[in-house]
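Reader: I would like to learn how to read a protein model. Where should I begin?

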Amino acid sequence: MKRLRGGGIPGFVLRRALLGMLVLFLVSVIVFAATQALGDPARAILGREATPDRLEVLRKQLNLDQPVLTQYLSWFSGIFHGTFGTSLASQLPVGDMLGPRLVNSALLVVCAAVISIPLSIIIGSYAALRRERKFDKVSSNAMLVLTALPEFVVAVLLVILFSTTVLHLLPAISPVPPGHWPWEYPDGLILPVATLVIAVAPYVSRIMRASMIEVLETDYVEMARLKGLPERTVLYKHALPNAIGPVFQVIAITLAYLAGGIVVVEYVFAYPGIGSLLQDAVVNHDIPVVQALAMIIAAVYVILNMFADIGTIIVTPRLRTRL
């Protein structure tokens, strides 16, 4: 136990990894139990008019005639081997179905993160430096309004402005045919990425502003200024590293939220990602696909939060000394 409690950053990473594995195990139990409660997949596939003989044959094919615990252990062991079973609707391996969709959704998340995170940090920091001035008031009010708008409202507004009613510059839906990649049609990425940026940047920038204001009012920043250090040195070497630490947690939560909230954006723009796949799986009662997507989203949450904790410790000296 003493080794787990100490060990510096490696020990902390080990503890967080073990805790993350425990969380994913509990999530797998909940996901499996919830999908089992949805009803009989065989009846959902064959319909209400299915005969008992056909239902029995299909249940045997899908291994639904086995005990629930056996089904769970078989499904859970398949996760470690990288197999999520076979789709009930298409009879294809779930892994083959998820691969291209995950790449497409990851592209949206990465593009949104690369744009929104630096932008929100810059806006929040500059607003804190210009506290109670014109830029701070305008940006704070604008970010507050944007934070209150749901993603689907932002998406519809962008479509109205740039695709249909006002201007006709960008496609209203993603023009990516089957078998092609989204980066082959960059104009179809602009509106989905812009929607995600607007959903993420306002919240992170407000947190960054509050954190920066708090740091600028601390004694060590005031002492650095009294020593005659240049303002740029005070900001970049003393204020910003300590202000950005708490924002790491917010960034991780926001990016994890994108992993789940991207479903709505993909639906609005008919984007071929995990959102449309999850929608089809729910409609078709394709339980293996729903289970796989739920576990992937949960894993993204756990991994991003672990990286956020590690990043917070690395950039915050006082936290490193406590490990």
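**Reading the fold, then two residues**

Author: Begin with the elements. This is a predicted model, and its chain has 14 helices and 0 strands.

Reader: In what order do the elements of the chain run from the N terminus on?

Author: The order is α-α-α-α-α-α-α-α-α-α-α-α-α-α.

Reader: What share of the residues of the chain counts as buried?

Author: Buried means under 20% relative accessible area. Of the 323 residues in this chain, 39% count as buried. The accessible surface of the chain is about 18000 Å², and carbon and sulfur atoms account for 68% of it.

Reader: Where is serine 163 found, and is serine 163 buried or exposed?

Author: Serine 163 sits in the loop between α8 (151–162) and α9 (187–216). Its relative accessible area is 9%, so serine 163 is buried.

Reader: What does the side chain of serine 163 reach?

Author: That side chain reaches the backbone oxygen of leucine 170 at 2.8 Å. Leaving out residues up to four places away in sequence, serine 163 touches Leu158, His168, Leu170, Pro171, Ala172 and Leu191.

Reader: How far apart are leucine 119 and alanine 201 in sequence and in space?

Author: Sequence distance and spatial distance are read separately. Leucine 119 and alanine 201 are 82 residues apart in sequence, while their C-alpha atoms are 7.0 Å apart in space. For the chain, take contacts between residues at least 6 apart in sequence: 70% of them join residues at least 24 apart.

Reader: In which helix does leucine 119 lie, and why does leucine 119 count as partly exposed?

Author: Leucine 119 belongs to helix α6 (residues 94–129). Leucine 119 is partly exposed because its relative accessible area is 38%.

Conventions:
Residues are numbered from 1 along each chain as its sequence is written. This is a predicted model: local features need pLDDT of at least 70, side-chain atom pairs count only at pLDDT 80 or more; totals for chains, interfaces and linings use all residues. Side-chain values use heavy atoms; hydrogens and water are left out. Helices (H or I, at least four residues) and strands (E, at least two) are DSSP runs, numbered from the N terminus. Buried means under 20% relative accessible area, exposed over 50%, partly exposed in between (1.4 Å probe, protein chains only). Contact means heavy atoms within 4.5 Å. Accessible areas come from the Shrake-Rupley method with a 1.4 Å probe; for residues, only the protein chains shown count as cover. A polar contact is a pair of N or O atoms within 3.5 Å; within protein, one must be able to donate a hydrogen and the other to accept it, and residues adjacent in sequence count only if both atoms are side-chain atoms.
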